[in-house]
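This briefing covers selected side-chain contacts and a metal site in one structure. Please consult the sequence and the coordinates alongside the points below.

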Amino acid sequence: SKFAGRARVTIYDPRTVGVDRSSENLTDLLTHAVERQLISVVYQPIFELDTGRLLGHETLMRLREVDGRAISPDVFIPAAEQSGAIVDLGMWVIDQACADMARAGLGTVIAANISAVQLKAPNFSLRVAEILNRHGLAPHQLALEVTERIDLIPEPQVSRNLDHLQNLGVQMWLDDFGTGYAGIGWLRRFEFDIVKIDRSFLNECQTAQGVRMLHGMVSLLRSLGRTVLVEGVETEEQKQLLRRLGVDLVQGYLMGRPEPISEVLRGRRNLVA
Ligand code: C2E
Ligand code: CA
Ligand code: CA
Ligand code: CA
């Protein structure tokens, strides 16, 4: 069979064996990441552009090797999606973010990234509801960021989860707008509260053509009544440009880097002091 053939290739090609080995190790690491405390969450602030008011934070997952070395999310997230480990890891992140939020009394929104794999799990929305309940948070304090890079539409279970979450009052945000193949169709189908324009469009703004492209996207989204967030803001010039284009929300290294909860709280104390 073709599987036997593939197995022979794996055994005799040393490069392939190496690749399989390391992805096996990563899968093993991901499966035990929570119990071994190798996983953590960092928070990046999101601001209203015209008032400078803090809207909330995006949660970003971090994974360390046993020896302390960080593994990039661009490596471990796809691996976790493929092995299915993302279902439990993603739940852990939402739980942790809600716990931090409740403990800190931030009173703002926390946005967690979710994968298509998670939305396909039948009990996903129920588990989210249970977490909100347990931490005493209002549903609108949680936002779930769904990336446009995946095509969710054909799965009835996904629609059921999305509908249930929206009925609960959990916010749904569309991430990485402009990079996926679902494109504008998504905007027709789901009432996303906020649309995040991928930072690649901001990076193209050194040219007049790039600025026109971003301007067009912002205008389209705003004419559809969507709140527009641009991510990856690194310079003051970019921020000024986004102000001229009428962007609602900004996120990026210029305003704040992703930080552990201890740093978020320390920064807040400094603001108050
Ligand atoms: P994303 O959701 O688009 O997150 C934004 C990424 O841009 C983050 O990278 C963030 O650290 C980075 N970033 C923020 N501001 C700036 C900036 O001004 N300049 C630049 N160059 N980068 C900036 P990170 O943390 O490495 O995460 C990469 C991706 O991994 C995320 O992209 C998201 O798709 C995925 N990811 C991270 N955490 C989770 C999670 O808990 N669940 C799921 N499903 N995916 C996650
Ligand atoms: Ca995101
Ligand atoms: Ca994004
Ligand atoms: Ca991205």
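One aromatic pair is found when the whole structure, a predicted model, is searched. That pair consists of Phe 190 and Phe 192, arranged edge-to-face.

**Aromatic rings**
- The ring centres of Phe 190 and Phe 192 lie 5.9 Å apart, with 65 degrees between the planes.
- Phe 190 and Phe 192 are both buried.
- A further ring contact involves Tyr 253: Arg 257 lies over the face of this residue, at 3.9 Å from the ring centre.

**Calcium site**
- Glu 58 (OE), Asn 113 (OD1), Glu 145 (OE) and Asp 175 (OD) coordinate the calcium ion (ligand 2), at 2.1 to 2.4 Å.
- The spacing of these donor residues in sequence is E-x54-N-x31-E-x29-D.
- Glu 58 belongs to strand 2 (residues 54-64) and Asp 175 to strand 6 (residues 171-177), so the pair ties together parts that are 117 residues apart in sequence.
- Glu 58 and Asp 175 are each buried.
- Asp 175 also coordinates the calcium ion (ligand 3), which is 4.0 Å from the calcium ion (ligand 2).

**Loop residue Gln 206**
- Gln 206 is located in the loop between helix 9 (199-203) and helix 10 (208-223).
- With a relative accessible area of 69%, Gln 206 is exposed.
- From C-alpha to C-alpha, Gln 206 and Gln 238 are 9.5 Å apart in space, and they are separated by 32 residues in sequence.

Technical notes
Residues are numbered from 1 along each chain as its sequence is written. Chains are lettered from A and ligands numbered from 1 in the order in which they are written. This is a predicted model: local features need pLDDT of at least 70, side-chain atom pairs count only at pLDDT 80 or more; totals for chains, interfaces and linings use all residues. Side-chain values use heavy atoms; hydrogens and water are left out. Donors are N, O and S atoms within 2.8 Å of the metal (3.2 Å for Na, K and Ca); water is not among the atoms, so sites may look incomplete. Helices (H or I, at least four residues) and strands (E, at least two) are DSSP runs, numbered from the N terminus. Buried means under 20% relative accessible area, exposed over 50%, partly exposed in between (1.4 Å probe, protein chains only). Rings of Phe, Tyr and Trp (its six-membered ring) pair if their centres lie within 6.5 Å; planes under 30 degrees apart count as stacked, over 60 as edge-to-face and the rest as tilted. A charge sits over a ring if NZ of Lys or CZ of Arg is within 6 Å of the ring centre and within 35 degrees of the ring normal.
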